[in-house]
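Here is a short report on one structure. Please read it alongside the sequence and the 3D view.

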Amino acid sequence: MNRFRGIVLVAGATGRTGQWIVKRLQAHNIDYRLFVRSEAKALDIFGPEHAERIVTGSIENPQEINEAVTGCSAVISAIGAYVTDPSALPSSVVDRDGMGSFAKTARSRGVEKFIQVTSLAVTKPEHPMNKYGNVLDMKLQGENAIRSIFTDQGFSYTILRPGGLQDGNPFLHQLQFGTGDKLMGVIDRSDLAECAVVSLWHPKARNMTFELIRGAEVPQSSLEIFFEQLS
Ligand SMILES: NC(=O)c1ccc[n+]([C@@H]2O[C@H](COP(=O)([O-])OP(=O)(O)OC[C@H]3O[C@@H](n4cnc5c(N)ncnc54)[C@H](OP(=O)(O)O)[C@@H]3O)[C@@H](O)[C@H]2O)c1
(Lines give C-alpha, C1' and ligand atoms only; values in the text may rest on other atoms or scores of the structure.)
Protein backbone atom coordinates (compact mmCIF):
# COMPACT_ATOMS: atom_id res chain seq x y z
CA MET A 1 0.00 0.00 0.00
CA ASN A 2 1.35 3.47 -0.79
CA ARG A 3 1.08 5.97 2.06
CA PHE A 4 0.93 9.08 -0.13
CA ARG A 5 -1.16 9.72 -3.21
CA GLY A 6 -0.08 12.28 -5.76
CA ILE A 7 3.13 13.11 -7.54
CA VAL A 8 6.25 14.09 -5.58
CA LEU A 9 8.76 16.38 -7.25
CA VAL A 10 12.30 15.39 -6.20
CA ALA A 11 14.51 18.48 -6.51
CA GLY A 12 18.23 17.82 -6.65
CA ALA A 13 17.47 14.25 -7.72
CA THR A 14 20.92 13.77 -9.28
CA GLY A 15 22.65 14.67 -5.99
CA ARG A 16 23.73 11.97 -3.53
CA THR A 17 20.77 12.39 -1.15
CA GLY A 18 18.41 13.03 -4.07
CA GLN A 19 19.25 9.64 -5.61
CA TRP A 20 18.35 7.95 -2.33
CA ILE A 21 15.08 9.89 -2.14
CA VAL A 22 14.15 8.47 -5.53
CA LYS A 23 15.03 4.93 -4.40
CA ARG A 24 12.95 5.28 -1.24
CA LEU A 25 9.95 6.71 -3.16
CA GLN A 26 10.20 3.70 -5.46
CA ALA A 27 10.32 1.38 -2.44
CA HIS A 28 7.10 2.97 -1.13
CA ASN A 29 5.47 2.83 -4.55
CA ILE A 30 4.97 6.61 -4.65
CA ASP A 31 4.80 8.44 -7.97
CA TYR A 32 7.54 11.01 -8.62
CA ARG A 33 9.03 13.47 -11.05
CA LEU A 34 12.68 14.58 -11.18
CA PHE A 35 13.77 18.24 -11.18
CA VAL A 36 17.37 18.25 -12.38
CA ARG A 37 19.84 20.59 -14.05
CA SER A 38 21.15 18.00 -16.50
CA GLU A 39 18.89 15.63 -18.39
CA ALA A 40 21.92 13.62 -19.56
CA LYS A 41 23.13 13.12 -15.97
CA ALA A 42 19.63 12.09 -14.87
CA LEU A 43 19.24 9.59 -17.71
CA ASP A 44 22.66 8.17 -16.95
CA ILE A 45 21.80 7.69 -13.25
CA PHE A 46 18.16 6.61 -13.48
CA GLY A 47 17.98 5.04 -16.95
CA PRO A 48 16.13 5.89 -20.18
CA GLU A 49 12.82 4.68 -18.74
CA HIS A 50 12.86 7.88 -16.65
CA ALA A 51 12.80 10.23 -19.65
CA GLU A 52 9.13 11.12 -19.14
CA ARG A 53 9.64 11.95 -15.47
CA ILE A 54 12.48 14.46 -15.98
CA VAL A 55 12.00 18.22 -15.89
CA THR A 56 15.18 20.24 -16.36
CA GLY A 57 15.85 23.53 -14.67
CA SER A 58 17.66 25.41 -11.93
CA ILE A 59 16.43 26.68 -8.61
CA GLU A 60 17.24 30.29 -9.58
CA ASN A 61 14.81 30.20 -12.52
CA PRO A 62 11.16 30.64 -11.39
CA GLN A 63 9.79 29.82 -14.85
CA GLU A 64 11.56 26.45 -14.80
CA ILE A 65 10.35 25.80 -11.25
CA ASN A 66 6.83 26.69 -12.33
CA GLU A 67 6.93 24.06 -15.07
CA ALA A 68 8.43 21.44 -12.75
CA VAL A 69 5.92 21.79 -9.89
CA THR A 70 2.78 21.92 -12.03
CA GLY A 71 0.72 18.81 -11.30
CA CYS A 72 2.76 17.82 -8.22
CA SER A 73 1.23 17.55 -4.73
CA ALA A 74 4.51 17.61 -2.82
CA VAL A 75 8.15 18.63 -3.18
CA ILE A 76 11.12 16.96 -1.54
CA SER A 77 14.21 19.09 -2.09
CA ALA A 78 17.80 18.08 -1.35
CA ILE A 79 19.24 20.94 -3.41
CA GLY A 80 22.23 22.62 -1.82
CA ALA A 81 24.90 25.03 -3.08
CA TYR A 82 28.40 23.68 -3.77
CA VAL A 83 29.97 26.05 -1.28
CA THR A 84 33.57 24.86 -1.58
CA ASP A 85 33.57 25.41 -5.36
CA PRO A 86 34.31 29.09 -6.08
CA SER A 87 32.94 28.77 -9.63
CA ALA A 88 29.53 27.49 -8.42
CA LEU A 89 26.52 29.68 -7.66
CA PRO A 90 26.78 31.13 -4.13
CA SER A 91 24.69 29.92 -1.23
CA SER A 92 22.84 33.26 -1.17
CA VAL A 93 21.45 32.47 -4.63
CA VAL A 94 20.76 28.75 -4.14
CA ASP A 95 19.98 28.24 -0.44
CA ARG A 96 18.43 31.60 0.50
CA ASP A 97 16.83 33.12 -2.60
CA GLY A 98 16.38 29.81 -4.43
CA MET A 99 14.66 28.03 -1.55
CA GLY A 100 12.35 31.00 -1.02
CA SER A 101 11.31 31.36 -4.64
CA PHE A 102 10.93 27.59 -5.01
CA ALA A 103 8.53 27.51 -2.05
CA LYS A 104 6.60 30.55 -3.29
CA THR A 105 6.15 29.16 -6.80
CA ALA A 106 5.30 25.68 -5.51
CA ARG A 107 2.56 27.04 -3.29
CA SER A 108 1.14 29.21 -6.06
CA ARG A 109 0.85 26.10 -8.24
CA GLY A 110 -1.05 24.11 -5.61
CA VAL A 111 1.74 22.06 -4.02
CA GLU A 112 0.45 21.18 -0.53
CA LYS A 113 3.53 19.77 1.19
CA PHE A 114 7.10 21.13 0.98
CA ILE A 115 9.94 19.06 2.44
CA GLN A 116 13.43 20.55 2.50
CA VAL A 117 16.80 19.15 3.61
CA THR A 118 19.03 21.79 5.25
CA SER A 119 21.65 21.14 7.96
CA LEU A 120 22.42 20.94 11.65
CA ALA A 121 23.84 24.20 13.07
CA VAL A 122 21.92 26.61 10.82
CA THR A 123 21.13 28.67 13.93
CA LYS A 124 24.83 28.99 14.88
CA PRO A 125 26.37 32.06 13.19
CA GLU A 126 29.83 31.29 14.63
CA HIS A 127 29.95 27.79 13.11
CA PRO A 128 33.06 27.29 10.89
CA MET A 129 30.91 26.25 7.90
CA ASN A 130 29.73 29.87 7.71
CA LYS A 131 33.19 30.75 6.36
CA TYR A 132 31.86 29.35 3.07
CA GLY A 133 29.50 32.06 1.84
CA ASN A 134 27.59 32.10 5.16
CA VAL A 135 26.01 28.86 4.01
CA LEU A 136 24.33 28.08 7.33
CA ASP A 137 22.87 31.60 7.62
CA MET A 138 21.64 31.33 4.03
CA LYS A 139 19.99 27.96 4.67
CA LEU A 140 18.30 29.36 7.80
CA GLN A 141 16.87 32.26 5.77
CA GLY A 142 15.67 29.76 3.17
CA GLU A 143 14.02 27.72 5.95
CA ASN A 144 12.32 30.87 7.30
CA ALA A 145 10.81 31.54 3.89
CA ILE A 146 9.46 27.98 3.64
CA ARG A 147 7.99 28.13 7.16
CA SER A 148 6.21 31.40 6.41
CA ILE A 149 4.89 30.29 3.01
CA PHE A 150 3.69 26.76 3.89
CA THR A 151 1.91 27.16 7.26
CA ASP A 152 -1.59 28.22 6.20
CA GLN A 153 -4.43 25.77 6.44
CA GLY A 154 -4.23 23.16 3.73
CA PHE A 155 -0.44 23.48 3.39
CA SER A 156 2.43 22.08 5.42
CA TYR A 157 6.20 21.89 5.52
CA THR A 158 8.87 19.66 7.02
CA ILE A 159 12.47 20.79 7.35
CA LEU A 160 15.05 18.10 8.05
CA ARG A 161 18.40 19.25 9.43
CA PRO A 162 20.81 16.32 9.13
CA GLY A 163 24.23 15.89 10.70
CA GLY A 164 27.32 15.17 8.56
CA LEU A 165 26.27 13.00 5.63
CA GLN A 166 27.62 9.46 5.12
CA ASP A 167 27.07 6.98 2.31
CA GLY A 168 25.96 3.80 4.11
CA ASN A 169 22.90 1.67 3.45
CA PRO A 170 19.55 2.44 5.08
CA PHE A 171 17.94 0.75 8.11
CA LEU A 172 21.22 -0.13 9.85
CA HIS A 173 21.04 2.38 12.73
CA GLN A 174 18.77 3.80 15.35
CA LEU A 175 18.12 7.51 14.82
CA GLN A 176 18.04 10.42 17.19
CA PHE A 177 15.73 13.35 16.38
CA GLY A 178 15.83 16.72 18.14
CA THR A 179 14.61 20.29 17.98
CA GLY A 180 16.33 23.53 18.96
CA ASP A 181 19.55 22.76 17.05
CA LYS A 182 21.32 21.01 19.94
CA LEU A 183 22.42 17.73 18.31
CA MET A 184 25.82 16.92 16.81
CA GLY A 185 26.65 13.82 14.79
CA VAL A 186 26.37 12.10 11.44
CA ILE A 187 23.67 10.28 9.48
CA ASP A 188 23.51 8.20 6.31
CA ARG A 189 22.02 9.88 3.25
CA SER A 190 19.92 6.75 2.77
CA ASP A 191 18.25 7.09 6.19
CA LEU A 192 17.84 10.84 5.71
CA ALA A 193 16.09 10.12 2.41
CA GLU A 194 13.76 7.59 4.03
CA CYS A 195 12.89 10.15 6.75
CA ALA A 196 12.17 12.78 4.08
CA VAL A 197 9.78 10.33 2.37
CA VAL A 198 8.08 9.32 5.65
CA SER A 199 7.57 13.06 6.29
CA LEU A 200 5.07 13.06 3.42
CA TRP A 201 2.49 11.35 5.61
CA HIS A 202 3.70 11.14 9.23
CA PRO A 203 1.58 13.44 11.45
CA LYS A 204 4.56 14.26 13.72
CA ALA A 205 6.44 15.70 10.74
CA ARG A 206 3.70 18.17 9.91
CA ASN A 207 4.96 21.79 10.14
CA MET A 208 8.05 20.54 11.94
CA THR A 209 11.72 21.53 11.78
CA PHE A 210 14.01 18.94 13.33
CA GLU A 211 17.59 17.73 13.49
CA LEU A 212 18.51 14.09 12.90
CA ILE A 213 21.62 12.01 13.51
CA ARG A 214 22.29 8.31 13.72
CA GLY A 215 22.65 6.35 16.95
CA ALA A 216 23.64 2.77 17.72
CA GLU A 217 24.07 0.25 14.95
CA VAL A 218 20.84 -1.73 15.29
CA PRO A 219 18.98 -3.04 12.21
CA GLN A 220 15.59 -1.40 11.61
CA SER A 221 12.57 -2.54 9.61
CA SER A 222 11.09 1.00 9.50
CA LEU A 223 12.20 4.47 10.63
CA GLU A 224 8.70 5.68 11.52
CA ILE A 225 9.16 4.89 15.21
CA PHE A 226 11.82 7.62 15.51
CA PHE A 227 9.25 10.29 14.59
CA GLU A 228 7.64 9.63 17.99
CA GLN A 229 10.55 11.63 19.48
CA LEU A 230 8.98 14.76 17.98
CA SER A 231 6.34 16.67 19.87
N1 LIG B 1 27.76 17.10 3.11
C2 LIG B 1 27.34 17.09 4.35
O3 LIG B 1 27.97 16.50 5.26
C4 LIG B 1 26.07 17.82 4.72
C5 LIG B 1 25.71 17.92 6.05
C6 LIG B 1 24.47 18.50 6.36
C7 LIG B 1 23.64 18.97 5.36
N8 LIG B 1 24.05 18.90 4.06
C9 LIG B 1 23.10 19.39 3.02
O10 LIG B 1 22.31 18.29 2.62
C11 LIG B 1 21.86 18.48 1.26
C12 LIG B 1 22.19 17.24 0.45
O13 LIG B 1 23.59 17.03 0.47
P14 LIG B 1 24.29 16.01 -0.56
O15 LIG B 1 25.73 15.96 -0.17
O16 LIG B 1 23.54 14.75 -0.65
O17 LIG B 1 24.07 16.82 -1.91
P18 LIG B 1 24.98 16.87 -3.23
O19 LIG B 1 25.39 15.48 -3.62
O20 LIG B 1 26.06 17.90 -3.03
O21 LIG B 1 23.90 17.39 -4.30
C22 LIG B 1 23.46 18.72 -4.32
C23 LIG B 1 22.33 18.79 -5.32
O24 LIG B 1 21.93 20.16 -5.46
C25 LIG B 1 21.77 20.44 -6.84
N26 LIG B 1 21.98 21.85 -7.13
C27 LIG B 1 23.02 22.64 -6.77
N28 LIG B 1 22.83 23.89 -7.22
C29 LIG B 1 21.64 23.88 -7.89
C30 LIG B 1 20.88 24.87 -8.58
N31 LIG B 1 21.35 26.14 -8.73
N32 LIG B 1 19.69 24.52 -9.13
C33 LIG B 1 19.22 23.24 -9.03
N34 LIG B 1 19.91 22.27 -8.38
C35 LIG B 1 21.10 22.59 -7.82
C36 LIG B 1 22.84 19.59 -7.51
O37 LIG B 1 22.54 19.42 -8.90
P38 LIG B 1 23.59 18.70 -9.91
O39 LIG B 1 23.43 17.22 -9.66
O40 LIG B 1 23.13 19.16 -11.24
O41 LIG B 1 24.97 19.19 -9.55
C42 LIG B 1 22.72 18.30 -6.72
O43 LIG B 1 21.67 17.51 -7.24
C44 LIG B 1 22.55 19.76 0.78
O45 LIG B 1 21.65 20.83 0.92
C46 LIG B 1 23.71 19.92 1.76
O47 LIG B 1 24.09 21.27 1.90
C48 LIG B 1 25.24 18.32 3.72
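## The sheet

In β6, Leu160 is the bridge partner of Val117. Strand β5 (residues 113-117) pairs with β6 in the parallel sense, over 5 bridges. Strands are DSSP runs of E with at least two residues, helices are runs of H or I with at least four, and both are numbered from the N terminus. Two strands pair if DSSP finds at least two bridges between them. Of the 7 residues of β6 (residues 156-162), 6 are buried, so the strand is largely enclosed by the rest of the structure. Buried means 20 or more other C-beta atoms within 10 Å of the residue's own, exposed means 12 or fewer, and partly exposed lies in between, with C-beta atoms placed from the backbone.

The open sheet has 8 strands in the order β3-β2-β1-β4-β5-β6-β10-β8, with mixed pairing. β3 (54-56) and β8 (175-178) stand at the edges with a single partner strand each, so one side of each has no neighbour in the sheet.

## Model and numbering

The model is predicted: local features need pLDDT of at least 70, side-chain atom pairs count only at pLDDT 80 or more, and totals for chains, interfaces and linings use all residues. Residues are numbered from 1 along each chain as its sequence is written.

## Ile213

Ile213 is found in strand β10 (residues 208-214). Ile213 is buried, with 21 other C-beta atoms within 10 Å. Leaving aside neighbours within four places in sequence, Ile213 is in contact with Gly163, Gln176, Leu183, Gly185, Val186 and Ile187. Contact means C-beta atoms, placed from the backbone, within 7 Å. Arg161 is 52 residues from Ile213 along the chain, yet their C-alpha atoms are separated by 8.9 Å.

## Two packed helices

Helix α4 (residues 91-108) and helix α5 (residues 135-149) pack at an angle of about 10°, with axes 7 Å apart. Axes are lines fitted to C-alpha atoms, for helices over the stretch in contact, and angles run from 0 to 180 degrees between N-to-C directions. α4 and α5 are therefore roughly parallel to each other. That term covers angles under 35 degrees.

## The ligand shell

Around the ligand are 23 residues, of which Thr14, Gly15, Thr17, Gly80 and Ser119 come nearest. A residue counts as near if its C-beta atom, placed from the backbone, lies within 6 Å of the molecule. α1 (16-27) and β7 (164-166) are the elements that give two or more residues to this shell. The largest share, 3 residues, comes from α1.

Conventions:
Parallel < 35°, antiparallel > 145°, perpendicular 65-115°, else oblique. Contact = placed C-beta atoms within 7 Å.
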